[in-house]
Amino acid sequence: LGCQCIPKEDLEIELDTVLGQALVPIETSALISKQKRLAHDIIEMEVVPDKQIAFYPGQYADVECAECSAVRSYSFSAPPQPDGSLSFHVRLVPGGVFSGWLFGGDRTGATLTLRAPYGQFGLHESNATMVCVAGGTGLAPIKCVLQSMTQAQRERDVLLFFGARQQRDLYYLDEIEALQLDWAGRFELIPVLSEESSTSS
């Protein structure tokens, strides 16, 4: 992954400045308003910020938890909402400070600090088939983009490859099916499992 690479020499980086060029990151406090278990190791965390955050589907926020002294980056998992609420998918990481804290109890009402929006990932206009590849909670920004397209009634074919270790790690399948039913065009979901038993159906 690019986000895990360490440069060994000087680099020249070319940025696409179209996406997000008009959005300046802000900092705001936010209260956790809801926790919903999506899978055995994934929680959807909904927060209500003090200041409304404008963002493009596909972007992310830095989430700071003073209570557990951690800062983590999470993609927005839903398009901008009328009430200003924001949602993120958080996977439980063994030994993870923030995810361990979130999974350790009901954190509704806890205060976080958000800095957002960041990132250049998002929808680029085209008539070509969209090929989306998501692994685990990497589904969050893609789901956000696809939901925004449904709301805007954009017609475009989609191939969604959803990777996980086993069937129990796949999540949000009902919501993806609902997207397929509302989609203006062809929408095919292709689950890809890396550690599923060869005898599994």
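**The sheet and its surroundings**

Mentor: The order S4-S3-S6-S1-S2-S5 describes an open sheet of 6 strands with antiparallel pairing. Strands here are DSSP runs (E, at least two residues), as helices are (H or I, at least four), numbered from the N terminus, and two strands pair if DSSP finds at least two bridges between them. Strand S4 (70-75) and strand S5 (86-91) are the edge strands, each pairing on one side only.

Mentor: This is a predicted model, in which local features need pLDDT of at least 70 and side-chain atom pairs count only at pLDDT 80 or more, while totals for chains, interfaces and linings use all residues. Residues are numbered from 1 along each chain as its sequence is written, and side-chain values use heavy atoms, with hydrogens and water left out.

Trainee: How many bridges join S1 and S6?

Mentor: Strand S1 (residues 26-39) and strand S6 (residues 111-118) pair in the antiparallel sense over 6 bridges. Glu27 stands opposite Arg115 in S6.

Trainee: Changing topic, which residues have the most contacts inside the largest nonpolar core?

Mentor: They are Val47, Phe76, Phe98, Trp101 and Leu112, in a core of 26 residues. Such a core is a set of buried Ala, Val, Leu, Ile, Met, Phe, Trp, Tyr and Cys residues joined through side-chain atoms within 4.5 Å; buried means under 20% relative accessible area, exposed over 50%, and partly exposed in between, with a 1.4 Å probe and protein chains only. Helix H1 (97-103) is among the elements that each supply at least two residues, and H1 gives the most, with 4 residues.

Trainee: What does Trp101 touch?

Mentor: Leaving aside neighbours within four places in sequence, Trp101 is in contact (heavy atoms within 4.5 Å) with Ile32, Cys65, Glu67, Cys68, Arg107, Ala110 and Leu112.

Trainee: And where is Asp41?

Mentor: Asp41 lies in the loop between S1 and strand S2 (42-49). Asp41 is buried yet has no salt bridge, and the nearest side chain of opposite charge, Arg91, is 4.5 Å away. A salt bridge needs a side-chain nitrogen of Lys or Arg within 4 Å of a carboxyl oxygen of Asp or Glu; Lys and Arg count as positive and Asp and Glu as negative, with His and the chain ends not counted.

Trainee: Is Arg156 buried or exposed?

Mentor: Arg156 is buried, with a relative accessible area of 12%. Arg156 sits in the loop between helix H2 (139-151) and strand S8 (158-164).
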